[in-house]
Amino acid sequence: MNASLSLSQARRIALKAQGLSTVRPTQPVTARRVGRTFAQIQLVQIDSVNVLSRSHYLPFFSRLGPYDHALVDGLAGRPPRKLMEYWAHEASFIQPSQFHDLRLWQHRSWVGSAGMETALRDELEGRILAVLTGDLALTAREIKERVGHEEVADRSHWGWNWNAVKRTLEGLFERGIVGAASRNETFERRYALIEKILPPADQGLFVPGEKMAAADKEEAMIRLVSAAARAHGIGTTRCFADYFRLPVNAVTQAVRYLVDSGELEQVAVNGWDAVTYLHAAATIPRKAVASALLSPFDSLVFERRRLEKLFDFHYRIEIYTPQQQRKYGYYVLPFLLGENIVARVDLKADRQSGVLVVRGAFAEAGAPKETAIHLATELEAMALWLGLGSVAVHDHGDLSGSLQAALP
């Protein structure tokens, strides 16, 4: 008979697995602590939007409090790397040990050179790889200058108007032949050959263009699903598939293997009608006492159906929604208090004025009366971390008045 859990128990399991169930450390945050947090959540999504902070810095603040984001840059940008870029949930920091497994299952050909004329692509690949045999990691612009390819820029599309060199680079990145050694001040990737990025223990595990046996792909899938399930603590097959953006049918097979091996156990969660699995390493804390603002790209909120089932919180990112059609705002962060998501705030870092601007503040149904006080504390801590001198709350949203009153 399957074990039965309440929604409250399932929430606490999920929060514990994601490092969001306890108060933050009081000691200064070290690189080791950042690395342990990353190893727990397995990946951090990268996004270029910088209205508040680069998104990959925020999950560490949510879990650790104020820290020096140079710690993340160092773990990702200097060997031996503990973080490296690749495709996972989306463009993400991943553990280097997972690169080869992900490379077998990440097929994002639409981002690169798959649609290019074959002869041009092959020629550019050879010239790019020759440029990257040197010691420098280079941006796409710098590589284009060295390759010397000229073309008329296509400005007809509103989206990514990438030139042929950039498209070729992204194709090489998607196939795992080149990687991102770091990012520059304007958030452009600096590319290098993958063997210059991977730690020694993870090098030499494949030859570009080599076909992998089906058994190797299956084993890679099992490892990835195991990692996703551990990061969830509890979830469905769809949850596990979404974490690294893996095909659901293959994940289903891996889940069956992990159930048979005892790593996963099927459980029933009251109010959650989907077939649900509990990871063997998951624990149920007696209480969840964290207080945290969550990035729109935080791994806790990746899978929207799971978020709604577990926390009764309907959430959509409205960055690409026309302004007049937005319900809550442009860059809206959920606010976690204890085991519930009790509010959401639309934030902007006004760096010129030195102000963290709350453009909208909204309470969830049933939010406790002390929500504004706890939220004000979090906003002040975030402003300090971002180097901003104060917090300003606009008159927008049903929580804005009490939040203004709670701030000095």
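Guide: Of the 408 residues of the chain, 53% count as buried. The model is a predicted one.

Visitor: What does the radius of gyration of the chain say when set against a compact globule?

Guide: A compact globule of 408 residues would have a radius of gyration near 22 Å, and the chain has 22 Å, so the two agree. Along the principal axes, the C-alpha atoms fill a box of roughly 65 × 60 × 40 Å.

Visitor: How many helices and strands does the chain have, and what share of the contacts joins residues at least 24 apart?

Guide: The secondary structure comprises 14 helices and 14 strands. Among contacts between residues at least 6 apart in sequence, 66% join residues at least 24 apart.

Visitor: Which residue with a positive phi follows α13?

Guide: That residue is G387, whose phi is near 75 degrees.

Visitor: What can be said of the surface and the charges?

Guide: The accessible surface of the chain comes to about 19,100 Å², and carbon and sulfur atoms account for 50% of that area. The chain carries 48 positive and 45 negative side chains, with the centres of the two sets 3 Å apart.

Note on methods:
Residues numbered from 1 in each chain as written. Predicted model: local features only at pLDDT ≥ 70, side-chain atom pairs only at ≥ 80, totals over all residues. Heavy atoms only, no water. Helix = DSSP H or I, 4+ residues; strand = E, 2+ residues; numbered from the N terminus. Rg over C-alpha atoms; globule rule 2.2 N^0.38 Å. Buried < 20%, exposed > 50% of the residue type's maximum accessible area, 1.4 Å probe, protein only. Contact = heavy atoms within 4.5 Å. Areas by Shrake-Rupley, 256 points an atom, 1.4 Å probe, with all protein chains shown as cover. Lys, Arg positive; Asp, Glu negative; His and termini not counted. Charge placed at Lys NZ, Arg CZ, Asp CG, Glu CD.
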